[in-house]
Amino acid sequence: MNSRIHSHAGNLILSAFALIATTGPAHADSIPRYDPAQYCKKVSLAGGGSQMIYNGCVEMEQNAYDELKSIWDNLPIQAKSYCDMVARTTDGSYSILKGCIDMETEASSSTPKFKF
């Protein structure tokens, strides 16, 4: 009976790994979903609750999202994952995500050489 329990547990673990393996990359390949209204509300409140700051923030978030949408499929998975993590430190910002992606792209195309 003990071997049946171990076999069942093993099957559950394998099923969980299979589910993770098949659902992970699809999520990583799509643009993260943030809440720009919530993010911009926080930015606005930090500036005294200005509607002008809120509106400008929403426009910046929309522009960054639109730019990312056109290039997202061609970006390295490592940059996507890392920059998503960075952007989430501020509760999710497409402007921060775009800035990080820009810096990662530039850094990967110009690796410095050490000179003695």
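Mentor: One term before we start: a residue counts as buried when its relative accessible area is under 20%, as exposed when it is over 50%, and as partly exposed in between. Also keep in mind that this is a predicted model.

Trainee: Okay. How many helices and strands does the protein chain have?

Mentor: There are 5 helices and 0 strands. Read from the N terminus, the order of elements is α-α-α-α-α.

Trainee: And what percentage of the residues is buried?

Mentor: Of the 116 residues in the protein chain, 21% count as buried.

Trainee: Let's do the aromatics. How many aromatic pairs are there?

Mentor: The structure has 3 aromatic pairs. In one of them, the ring centres of Tyr34 and Tyr94 are 4.7 Å apart and the planes meet at 40°, so this pair is tilted.

Trainee: Where do Tyr34 and Tyr94 sit?

Mentor: Tyr34 is in the loop between helix H1 (2-29) and helix H2 (36-46), while Tyr94 is in helix H5, so the pair ties together parts that are 60 residues apart in sequence.

Trainee: Is Tyr94 buried or exposed?

Mentor: Tyr94 has a relative accessible area of 5%. The limit for buried is under 20%, so Tyr94 is buried. Tyr34 also counts as buried, at 10% relative accessibility.

Trainee: What kind of pair do Phe114 and Phe116 form?

Mentor: Phe114 and Phe116 form an edge-to-face pair, with 4.7 Å from centre to centre and 75° between the planes.

Trainee: Are Phe114 and Phe116 buried or exposed?

Mentor: Phe114 counts as exposed at 68% relative accessibility. Phe116 counts as exposed as well, at 95%.

Trainee: Which residues form the aromatic cluster?

Mentor: Tyr34, Tyr65 and Tyr94 make up one cluster.

Trainee: New topic, then. How many disulfides are there?

Mentor: The count is 2 disulfides. Cys40 is joined to Cys57, with 2.2 Å from S to S. The torsion about that S-S bond is about -80°, so the disulfide of Cys40 and Cys57 is left-handed.

Trainee: Which helices hold Cys40 and Cys57?

Mentor: Cys40 is in helix H2 and Cys57 in helix H3, and the pair links distant parts of the chain, 17 residues apart. Cys40 is buried at 0% relative accessibility, and Cys57 is buried at 7%.

Trainee: What does Cys83 bond to?

Mentor: Cys83 forms a disulfide with Cys100, again with the sulfur atoms listed at 2.2 Å. The link of Cys83 and Cys100 is left-handed, with -75° about the S-S bond. Cys83 is in helix H4 and Cys100 in helix H5, so the pair ties together parts that are 17 residues apart in sequence. Both Cys83 and Cys100 are buried.

Trainee: What is the pairing if I number the bonded cysteines in sequence order?

Mentor: The pairing is 1-2, 3-4.

Trainee: Back to H4. Why does its length make sense?

Mentor: Helix H4 covers residues 77-88, which is 12 residues; at 1.5 Å a residue they should span 16 Å, and the end C-alpha atoms are 16 Å apart, so the two agree.

Trainee: Which residues of H4 are buried?

Mentor: Ala79, Lys80, Cys83, Asp84 and Ala87 are the buried residues of H4. They cover an arc of only 125° around the axis, which puts them on the same side of H4. The face turned away from that buried side carries the exposed residues Gln78 and Met85.

Trainee: What about the largest nonpolar core: which residues touch the most other members?

Mentor: That core has 13 residues, and Leu68, Trp72, Tyr94, Leu97 and Ile101 touch the most other members. Helix H3 (51-71), H4 and helix H5 (94-109) are the elements that give two or more residues to this core. H5 supplies the largest share, 4 residues.

Trainee: What is Ile101 in contact with?

Mentor: Leaving aside neighbours within four places in sequence, Ile101 is in contact with Leu68, Ile71, Trp72, Leu75, Ala79, Lys80 and Cys83.

Trainee: Last one: where is Asp102?

Mentor: Asp102 is in helix H5. Its relative accessible area is 36%, so Asp102 is partly exposed.

Notes: Residues numbered from 1 in each chain as written. Predicted model: local features only at pLDDT ≥ 70, side-chain atom pairs only at ≥ 80, totals over all residues. Heavy atoms only, no water. Expected span 1.5 Å × (residues − 1). Buried < 20%, exposed > 50% of the residue type's maximum accessible area, 1.4 Å probe, protein only. Arc of directions from axis to C-beta. Core = buried A, V, L, I, M, F, W, Y, C linked by side-chain atoms within 4.5 Å. Contact = heavy atoms within 4.5 Å. Phe/Tyr/Trp six-rings, centres within 6.5 Å; stacked < 30°, edge-to-face > 60°. Disulfide = S-S within 2.5 Å.
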